[in-house]
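Here are my notes on the model you sent over.

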Amino acid sequence: QVQLVESGGGLVQPGGSLRLSCTASGFTFSNYAMSWYRQAPGKERELVAAMPSAGGSANYADSVKGRFTISRDNAKKTVYLQTNSLKPEDTAVYYCNALWHPLRDLKYDYWGQGTQVTVSS
């Protein structure tokens, strides 16, 4: 059974930090590119940060560059999102995504249930 379980969200004051975690099970984690998305109320889901399956550089949304860092531990089957200098506009539900394109017409795409991040004083 495929599962992505996020944790680490919560309420934090502006300027604060949170470390989000997403632990995978039920698939070969190292094959998958891992990403974090977020969705604020009334807005579309947007890509925050992405990390390829092996090697390569992480990519970030312009709005979080220099503040957020994505990392992965393949041995623990976990991807992290370190969020620093949080702003009220970072408030959203954060989702973990796993994606693998082994063939042109074959795609495996999994989502977690989300974790709420609220930045407020």
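How many aromatic pairs does a search of the whole structure find? Six, where rings of Phe, Tyr and Trp (its six-membered ring) pair if their centres lie within 6.5 Å.

Some housekeeping before the points. This is a predicted model, so local features need pLDDT of at least 70 and side-chain atom pairs count only at pLDDT 80 or more, while totals for chains, interfaces and linings use all residues. Residues are numbered from 1 along each chain as its sequence is written, and side-chain values use heavy atoms, with hydrogens and water left out.

1. Aromatics. Take Phe27 and Tyr110: their ring centres are 5.2 Å apart and the planes sit at 45 degrees, so this pair is tilted (under 30 degrees would be stacked, over 60 edge-to-face, and the rest tilted). Phe27 is in the loop between β3 and β4 and Tyr110 is in strand β10 (residues 106-111), so the pair ties together parts 83 residues apart in sequence. Strands here are DSSP runs (E, at least two residues), numbered from the N terminus. Phe27 has a relative accessible area of 10%, so it is buried (buried is under 20%, exposed over 50%, partly exposed in between; 1.4 Å probe, protein chains only). Phe27 and Tyr110 also belong to one aromatic cluster with Tyr32, Trp100 and Tyr108.

2. Arg45 over rings. Arg45 lies over the face of Tyr95, 3.8 Å from the ring centre. The charged end of Arg45 also sits over the ring of Trp111, at 4.7 Å from its centre. The criterion is NZ of Lys or CZ of Arg within 6 Å of the ring centre and within 35 degrees of the ring normal.

3. The disulfide. The whole-structure search turns up one disulfide, meaning a pair of cysteine sulfur atoms within 2.5 Å. The bond joins Cys22 to Cys96, S to S 2.1 Å. These cysteines link distant parts of the chain: Cys22 is in strand β3 (residues 18-25) and Cys96 in strand β9 (residues 92-103), 74 residues apart. The S-S torsion is about -80 degrees, so the disulfide is left-handed. Cys22 is buried at 0% relative accessibility, and Cys96 is buried at 0% too.

4. The core. The largest nonpolar core has 28 residues, and those touching the most other members are Leu4, Met34, Trp36, Val48, Val79, Leu81 and Tyr94. Such a core is a set of buried Ala, Val, Leu, Ile, Met, Phe, Trp, Tyr and Cys residues joined through side-chain atoms within 4.5 Å. Elements giving it two or more residues include β4 (33-39), β5 (46-51) and β7 (68-73). Leaving aside neighbours within four places in sequence, Val48 is in contact (heavy atoms within 4.5 Å) with residues including Trp36, Leu81 and Tyr94.

5. Asp90. What does the side chain of Asp90 make a polar contact with? The side chain of Arg38, at 2.9 Å. A polar contact is a pair of N or O atoms within 3.5 Å; within protein, one must be able to donate a hydrogen and the other to accept it, and residues adjacent in sequence count only if both atoms are side-chain atoms. Asp90 is found in the loop between β8 (78-83) and β9, and is buried at 0% relative accessibility.

6. Thr115. This residue is in strand β11 and is buried at 10% relative accessibility. The Thr115 side chain reaches the backbone nitrogen of Gly9 at 3.2 Å.

Notes:
Helix = DSSP H or I, 4+ residues; strand = E, 2+ residues; numbered from the N terminus.
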